[in-house]
Amino acid sequence: AAAAAAAMRAAARFGAVALLGLLLRSAGFGLGVGSGRPSLAPRSAAPVAWRLHAHAEAPQPDADPDRPRPKAKPKAKPKAKAKAEQRAWQEGAEPRLLALELRERALPFKGEDFTRGVVADVLGPVAAVLSPAMYTALIRSVGETTRDGWRIAPFVVEYMSNKGDAAMAPNEYHYSTLVTVLGKASKLAEAMRVVWSMKARGGDSAPGVVTYNALLAACERSWDAARALKVLAEMEAEGVPADQISYATVIKVLGRRGRWEDACATLPGMKERGVHPNAYCYNAAISACERAGRWREAVGLLDAMRADGVAPDRVSYNSALSTCAKARQGVKALALLRDMHRSGVAPDDITFSVAITAVTRVGLWRDALGLLRQMQGAGFVPAALTFPAGGSARAKGGHRGTAGE
């Protein structure tokens, strides 16, 4: 009441502007005058927060001084925490910083001798604190920092070999990381030479399944299916057991080259060698059939997955649906959607878009519009390419409204 009376008196004396300022101040806003016009910026709440914090921290009188008090939790030792933070920084940030310095000084590439000298100059002062894990991160970081990082990464491994320290000698993980860097740069020949040098060194440097999988990934990136099959045979000859990643990579590169029959034949072949295919292997085979337009084989692989105890996932169904869309099998696409629902696999926006494309290509415009409503009901916003699919269905459908008509 007193504040209201004061406001009315201020209004009578100074006018409406003064009243507005007073009301704003009472609500926690200030009127700035530095710019010549009012500012509605709220006043800082720091004093209030400070008072609340001070009140909470202030010792309160204890009504029962004799009651038992809970034991305080022991605080973490500051030295151990500092060491953990330093170790995390060394194994994470420092390799990236070294990789950036190598990139700045060694690129553009000026020859092997120059690059070898730059690596020695950069790594020499910090070699005493670099661990094997940090070298692995450094090799990876060098390849990721720039497109030509693959030119520097081999000299990091060479520097480790020339140090003469057995504890810091490169092992399989360092070489496999180098193979990965070369593979991502599509340098398959260089990656092959690294694996050959590993076989010549032997010991801890001998290539294992990790290295061969990195080499197979390099073959896939280069679309070299013949080389991938040779690597798989070489693994068997060397006594290195291939795993699910190995076979899935081979299936993917075969599918990329249009060799869908060889891709599908890899599935029973890996089971004969004691490796059970997982969903990733089956999805790679379905994708190979999709590329070749073999919709019957793609749908049949879904049944083979269930018979093999592997549940089809969303990727499996989307690939099969895409195959049906390309082959103008709209009715089969609708059956796959029903099967997907019964299996408890939730569709995504790709599922609906591909299914709409499949039914529109055979003139099932009512089914297309129904799928469009389901897509919106599921919370997905139809893309620009989805609407023409639904619209063209009605234009091309004629009397064919649904799959049952």
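These legends accompany several close-up views of a predicted model.

The model is a prediction in which local features need pLDDT of at least 70 and side-chain atom pairs count only at pLDDT 80 or more, while totals for chains, interfaces and linings use all residues. Residues are numbered from 1 along each chain as its sequence is written, and side-chain values use heavy atoms, with hydrogens and water left out.

View 1. Helices (H or I, at least four residues) and strands (E, at least two) are DSSP runs, numbered from the N terminus. Of the 405 residues, 38% are buried, where buried means under 20% relative accessible area, exposed over 50%, and partly exposed in between (1.4 Å probe, protein chains only). Contact stands for heavy atoms within 4.5 Å. Among contacts with a separation of 6 or more, 62% join residues 24 or more positions apart.

**View 2. The largest nonpolar core, a set of 98 residues.** Such a core is a set of buried Ala, Val, Leu, Ile, Met, Phe, Trp, Tyr and Cys residues joined through side-chain atoms within 4.5 Å. L102, L123, Y135, L138, L215, L267 and L301 touch the most other members. Helix α14 (residues 279–292) gives the most to this core, with seven residues. For a look at one member, pick L267: setting aside neighbours within four places in sequence, L267 is in contact with I251, P277, C281, Y282, A285 and L301.

**View 3. Helix α9 (residues 188–201) beside helix α10 (residues 209–221).** The two axes come within 10 Å and cross at roughly 160°; axes are lines fitted to C-alpha atoms, for helices over the stretch in contact, and angles run from 0 to 180 degrees between N-to-C directions. That angle makes α9 roughly antiparallel to α10, since angles under 35 degrees count as roughly parallel, over 145 as roughly antiparallel, 65 to 115 as roughly perpendicular and the rest as oblique. From α9, L188, A191, M192, V195, M198 and K199 meet T211, Y212, L215, A218 and C219 of α10. By class, this contact has nine nonpolar, one polar and one charged residues, with Ala, Val, Leu, Ile, Met, Phe, Trp, Tyr, Cys and Pro counted as nonpolar, Asp, Glu, Lys and Arg as charged, and the others, Gly among them, as polar.

**View 4. Helix α16 (residues 314–326) beside helix α18 (residues 349–360).** Here the axes come within 8 Å and cross at roughly 20°, which makes α16 roughly parallel to α18. R314, N318, L321, S322 and A325 in α16 meet I350, T351, V354 and A358 in α18. The contact of α16 with α18 has five nonpolar, three polar and one charged residues.

**View 5. R116 in helix α5 (residues 112–123).** R116 counts as partly exposed, because its relative accessibility is 31%. Its C-alpha atom is separated by 6.0 Å from that of F155, 39 residues apart along the chain. Apart from neighbours within four places in sequence, R116 is in contact with F155 and E158.

**View 6. Backbone details at P108, W223 and R328.** Most residues other than glycine have a negative phi, and most peptide bonds are trans. The peptide bond from L107 to P108 is cis, with omega near 0°, and P108 lies in the loop between α4 (78–106) and α5. W223 has a positive phi of about 60° and is found in the loop between α10 and α11 (225–238). W223 is partly exposed, at 38% relative accessible area. R328 also has a positive phi, near 60°, in the loop between α16 and α17 (330–342).
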